[in-house]
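Subject: Structure handover

Hello,

My notes on it follow below.

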Amino acid sequence: IKPLKSIQKFPAKDIVNNGHTVQISFKEGNMLVLDSAAYQMKQVQFHAPSENTIRGKSFPLEAHFVHADSKGNLSVIGVMYTEGKANAGLEKLWEQMPNDVGEPKPLKNRVIPSELIPENRGYYRFSGSLTTPPCSEGVRWLLMKNPLTASKEQIEAFKHAVHHNNNRPVQ
């Protein structure tokens, strides 16, 4: 598998609880190059427990970095989190995590995508769909092989904010 080519240095701009997940939008400029096409990062959404598994193992938290090319084709980078040491990037986001559904709020803390994606960029690649409505097919999935850690408190804070498990069962 080819190495992951991406630019991940432009910070998050806002955070919202949309009733299904906590979603963070990013400023323009974060890119992923895949199959000779450039994909712009749009947002990251979180799911607990994970929606994907690695070798049959589920994880307590998963992040989906949603990217779109100029034609609207989608690619998603999936990152698993195991329970362990607190994640500094999540900590900065969670400080402003809304517990109620509402409008996006500008982030005060600077968080860049690379704080939420493992340094070791090995990945599994497969074709699938979006895991939230409209569940569109034809999504290029890149699931990072190496999980990051999140503290039990960080995982519980996310679950408290969304009030229910928000994962789609493994398909």
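Where is the place of Asp-35? It is in the loop between S4 and S5. Helices (H or I, at least four residues) and strands (E, at least two) are DSSP runs, numbered from the N terminus.

First, the ground rules. This is a predicted model: local features need pLDDT of at least 70, side-chain atom pairs count only at pLDDT 80 or more, and totals for chains, interfaces and linings use all residues. Residues are numbered from 1 along each chain as its sequence is written, and side-chain values use heavy atoms, with hydrogens and water left out.

**Overall fold**

The protein chain has 2 helices and 11 strands. Read from the N terminus, the order is β-β-β-β-β-β-β-α-β-β-β-β-α. The chain is as compact as a globular protein of its length, because its radius of gyration of 15 Å is close to the 16 Å that the globule rule gives for 171 residues. That radius is taken over C-alpha atoms, and the rule is 2.2 Å times the number of residues to the power 0.38. The C-alpha trace spans about 40 × 35 × 30 Å along its principal axes.

Of the 171 residues, 50% are buried. The cut-offs: buried means under 20% relative accessible area, exposed over 50%, and partly exposed in between (1.4 Å probe, protein chains only). The areas come from the Shrake-Rupley method with a 1.4 Å probe, and for residues only the protein chains shown count as cover.

**Salt bridges**

The whole structure holds 3 salt bridges. The criterion is a side-chain nitrogen of Lys or Arg within 4 Å of a carboxyl oxygen of Asp or Glu.

Asp-35 pairs with Arg-125 at 2.5 Å, N to O. This pair links distant parts of the chain, 90 residues apart. Asp-35 sits in the loop between strand S4 (31-34) and S5, and Arg-125 in strand S9 (residues 123-129).

Asp-35 also bridges to Arg-140, with the closest N and O atoms 3.3 Å apart. Arg-140 belongs to strand S10 (residues 137-144), so this pair ties together parts that are 105 residues apart in sequence.

Arg-125 is partly exposed at 38%. Arg-140 counts as partly exposed at 25%.

Glu-115 and Lys-92 form another bridge, their closest N and O atoms being 2.7 Å apart. Glu-115 lies in the loop between strand S8 (105-106) and S9, and Lys-92 in helix H1 (residues 88-94), so the pair ties together parts that are 23 residues apart in sequence. Glu-115 is partly exposed, with a relative accessible area of 25%. Lys-92 is partly exposed, also with 25%.

**Backbone points to check in your viewer**

Asp-35 has a positive phi of about 50°, although it is not a glycine. Arg-55 has a positive phi of about 50° and is not a glycine either. Arg-55 is in the loop between S5 and S6. It is exposed, with a relative accessible area of 78%.

Which peptide bond is cis? The one from Ala-48 to Pro-49, with omega near -10°. Pro-49 lies in the loop between S5 and strand S6 (61-68).

**Surface charge**

Lys-13, Lys-27, Lys-42 and Arg-110 form a positive surface patch. Patches are made of residues with over 30% relative accessible area and no salt bridge; like charges are joined within 9 Å, and nonpolar side chains (Val, Leu, Ile, Met, Phe, Trp, Tyr) within 5 Å. Lys and Arg count as positive and Asp and Glu as negative, while His and the chain ends are not counted. The place of a charge is NZ of Lys, CZ of Arg, CG of Asp or CD of Glu. Lys-42 is in strand S5 (residues 37-47). At 37% relative accessibility, Lys-42 counts as partly exposed.

**A buried site**

Ile-155 lies in helix H2 (residues 152-162). It counts as buried, at 3% relative accessibility. Its C-alpha atom is separated by 11 Å from that of Glu-91, 64 residues apart along the chain.

Best regards
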